[in-house]
Amino acid sequence: AIASCEGEGRACEQLRALVPADLYPVDPATACTEIYGGPDEVRVEGTLDGEPVDALLTRVNGCEIDRFDRLLPLLRELFPGYRPGAALGPP
């Protein structure tokens, strides 16, 4: 899905709540819990607050789950009924 905000709406509110740092990669030196959160992946490309972003977010460990979860309000707005681990496309 493409999220672009020039007006109002809940998705725009959620998108405006993000800052580019929410999408930065986890520092490789960070100790992360080895908890698998599911196969979910989200690629975010574009511009946020004038800064180019290109991030692949997953749920492969605790650090990545935290990063991914920052986008949950937006994902739930774009994909009503979405919950982590659930498929978004046709069965």
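Here are a few friendly points to guide a first look at this structure.

1. This is a predicted model, where local features need pLDDT of at least 70, side-chain atom pairs count only at pLDDT 80 or more, and totals for chains, interfaces and linings use all residues. Numbering starts from 1 along each chain as its sequence is written, and side-chain values use heavy atoms, with hydrogens and water left out.

2. Start with the overall layout: the protein chain has three helices and two strands, in the order α-β-β-α-α from the N terminus. Helices (H or I, at least four residues) and strands (E, at least two) are DSSP runs.

3. Of the chain's 91 residues, 31% count as buried, meaning under 20% relative accessible area with a 1.4 Å probe, protein chains only.

4. Next, the largest nonpolar core has 15 residues; such a core is a set of buried Ala, Val, Leu, Ile, Met, Phe, Trp, Tyr and Cys residues joined through side-chain atoms within 4.5 Å. The elements giving two or more residues to this core are β1 (41-48), β2 and α3 (72-78).

5. Do look at arginine 59, in the loop between β2 (51-58) and α2 (62-69). Arginine 59 counts as buried because its relative accessibility is 8%. Its side chain makes a polar contact of 2.5 Å with that of aspartate 69; the term covers a pair of N or O atoms within 3.5 Å, where within protein one must be able to donate a hydrogen and the other to accept it, and residues adjacent in sequence count only if both atoms are side-chain atoms.

Definitions and conventions
Buried means under 20% relative accessible area, exposed over 50%, partly exposed in between (1.4 Å probe, protein chains only).
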